Amino acid sequence: MAGEEPLWRQRRRQDWAALQREVFDLIVIGGGITGAGIAWQAALGGLATLLVEARDWAGGTSSRSSKLVHGGLRYLPHGEVRLVREVGHEREVLERLWPHLVRPLPFLIPVYRRRGMPLWALGAGVWLYDRLTGVEPAHRRRMLGPEGVLALEGGLAAQDLTGGVSYFEARTDDARLVYTVVEAARAAGAVALSRVRARRLDLTPKGGTVELEDAETGDAVTVRVRAAVNASGPWTGEVDPEGTQVALGRGCHLVFPHARLPLRHAVALPAPDGGNTFAVPRGQVTYIGTTDRLYTGDPELPDVPDEDVRYLFTVARASFPAAELSPRDLLAVYAGVRPLVAQAGKADTRELSRQRSIEVRGDGLISVRGGKLTGFRSVAADTLRLLARGGLGPKPERGFEGVDGFDPKRATADLVRDFPAAGAAAAEIVGRHGQSAGEVLRYAASRPGGFDRVAPGVSLLWGEVDYLAEREDVFTLPDLLIRRTAVLWFGGLSEPSELLRPVAERVAPILGWSPQEVSAQVQACRREAHLDRLEELRRLAI
């Protein structure tokens with residue numbers, strides 16, 4: 001394939017060339033889950049839609065979350081009933097639309113004497129939560145005594161345990177969910193370009209122009225639009241410096257081998273400061289997070305400070321004393337920032353509402369601040385209602401779902417039968433690609449060593465690596481190994497750095513990378529995956 005242009009580059013070149021010729025009803029700036037969702041819903045509604053992202057799809061907040069699609073139980077104590085009802089409903093919708101990406105996850109909340117909410121109050125809260133969110137009977141909460149809690153997760157601390165509650169949430173791959181929504185927007189007719197920056201907006205309430213710059217080549221183009229939405233998350237203030245500002249809360253996560261913390265449920269961990277901390281099983285790993293502290297640095301690559309690592313170890317060791325977790329057990333660390341609506345007099349991010357804010361500037365720019373991964377469709381609906389007031393409403397004959405039902409288990413069984421060489425990796429490929437999994441494996445069958453694993457025990461095949469580089473907007477090695485596959489964080493690799501150069505050299509002929517560029521990509525991936533920081537933290541005395 002050396003010398004040939006990847007298919008995604010061919011599409012990108014054609015889309016870029018068309019920008020000057022077209023007038024778009026809507027430009028959406030920001031390719032996280034909020035921007036992708038707005039573009040998808042707008043395109044389904046018949047609007048000529050352009051989505052641009054300055055970095056990679058999900059390159060900010062939307063690839064560094066706790067990976068939970070939850071019903072918002074933790075917002076009940078703050079009285080945010082509307083938010084709980086909304087995200088609970090949306091979780092059920094997302095499970096139906098993309099069952100390979102949004103999967104039910106059994107959850108356990110242990111309750112300890114003199115720590116956190118008493119058992120009776122928690123039970124009442126979960127009862128209300130079940131009814132607000134319309135949880136199906138099989139997934140409703142169960143009240144447990146101490147013995148019942150330990151029967152589910154025997155590694156939990158038993159001292160002062162008074163009981164607990166089990167119920168269901170959902171887990172997702174956040175970055176793949178974003179990419180899936182971007183592809184859904186494209187299928188509905190949207191033009192979607194990553195690595196394109198919005199440099200200058202010249203707007204009126206009836207439309208205007210936006211100057212765009214290709215971040216890779218420096219080429220610029222001015223696009224005519226009828227409306228613009230700013231959904232750039234942590235960078236919202238750069239696009240709209242005049243509006244309400246966002247406060248950034250940094251959240252850090254630690255990843256351990258599942259064998260060191262073999263959970264069957266996600267577990268809410270009581271923290272001494274009342275923070276929302278969870279231990280979540282995911283295949284070969286269990287990850288623990290999150291912290292929630294005000295962050296004022298660069299949102300593109302927030303660091304993982306010793307203070308946050310010590311905090312998470314303190315919480316984890318108190319909850320799972322027999323595991324005797326050590327920094328030497330760490331497989332990965334990652335950090336992200338969540339954009340919250342700033343409020344005067346509140347410097348603690350845990351005091352800030354998780355509700356979204358949608359503002360319309362005098363020149364017509366709509367800026368979306370805050371919001372949740374789970375509720376992105378609702379944000380899109382609210383945004384489209386604002387556009388409709390300005391005369392840019394969706395066509396009523398178009399629906400807003402547009403995704404057929406899909407059975408991941410049946411699809412996996414079919415692929416194992418049709419591609420026996422893929423083996424157990426077929427399930428992971430279905431989990432990443434859904435209805436396109438068969439296409440991925442057919443492509444892999446045409447590639448040298450296509451069904452070989454990139455590393456022992458890792459459900460990523462060399463043929464899938466080639467497919468991703470050929471089809472999925474892969475500019476960089478972190479695009480591929482962090483956002484398209486998450487293998488560096490969740491692949492269970494004891495030494496993830498050993499995978500970087502072999503993968504970079506494998507995709508170099510597809511992406512046109514020179515030996516020098518291969519080395520540069522390896523170093524960039526080390527930085528973005530915090531691999532040097534991981535080595536430091538493994539030596540940290542805690």
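Student: In which sense do β2 and β3 pair?
Tutor: This is a predicted model, in which local features need pLDDT of at least 70 and side-chain atom pairs count only at pLDDT 80 or more, while totals for chains, interfaces and linings use all residues. Residues are numbered from 1 along each chain as its sequence is written, and side-chain values use heavy atoms, with hydrogens and water left out. Two strands pair if DSSP finds at least two bridges between them. β2 and β3 have four bridges, and the sense of their pairing is parallel.

Student: Which residue of β3 is the bridge partner of I27?
Tutor: Strands are DSSP runs of E with at least two residues, helices are runs of H or I with at least four, and both are numbered from the N terminus. β2 covers residues 26-29, and β3 covers residues 49-53. In β3, the partner of I27 is L50.

Student: Are the residues that point either way from β2 buried or exposed?
Tutor: L26 and V28 point one way from β2, and I27 and I29 point the other way. The scale is relative accessible area with a 1.4 Å probe and protein chains only: under 20% is buried, over 50% is exposed, and in between is partly exposed. On that scale, all of these β2 residues are buried.

Student: Which residue of β8 stands opposite L50?
Tutor: β3 is joined to β8 (residues 191-194) by four bridges, and these two strands run parallel. V191 and L193 point one way from β8, A192 and S194 point the other way, and all are buried. Opposite L50 stands V191.

Student: Which strands stand at the edges of the open sheet of six strands?
Tutor: The order of this sheet is β8-β3-β2-β12-β20-β19, with mixed pairing. An edge strand here has a single partner strand, so one side of it is left without a neighbour in the sheet. The edge strands are β8 and β19.

Student: Which residue of β20 stands opposite I358?
Tutor: β19 (357-360) is one of the edge strands. It pairs with β20 (residues 366-369) in the antiparallel sense over four bridges. In β20, the residue opposite I358 is V368.

Student: How are α12 and α13 placed to each other?
Tutor: The axes of α12 (residues 437-445) and α13 are 8 Å apart, at an angle of about 110 degrees. Angles under 35 degrees count as roughly parallel, over 145 as roughly antiparallel, 65 to 115 as roughly perpendicular, and the rest as oblique. That makes the placing of α12 to α13 roughly perpendicular.

Student: Which residues of α11 make the contact with α13?
Tutor: The axes of α11 (residues 425-433) and α13 (residues 462-471) come within 12 Å and cross at roughly 15 degrees. The two helices are therefore roughly parallel to each other. On the α13 side, the contact is made by E464, Y467 and L468. On the α11 side, it is made by I429, R432 and H433.

Terms used: Axes fitted to C-alpha atoms, helices over the stretch in contact; angles between N-to-C directions. Contact = heavy atoms within 4.5 Å.
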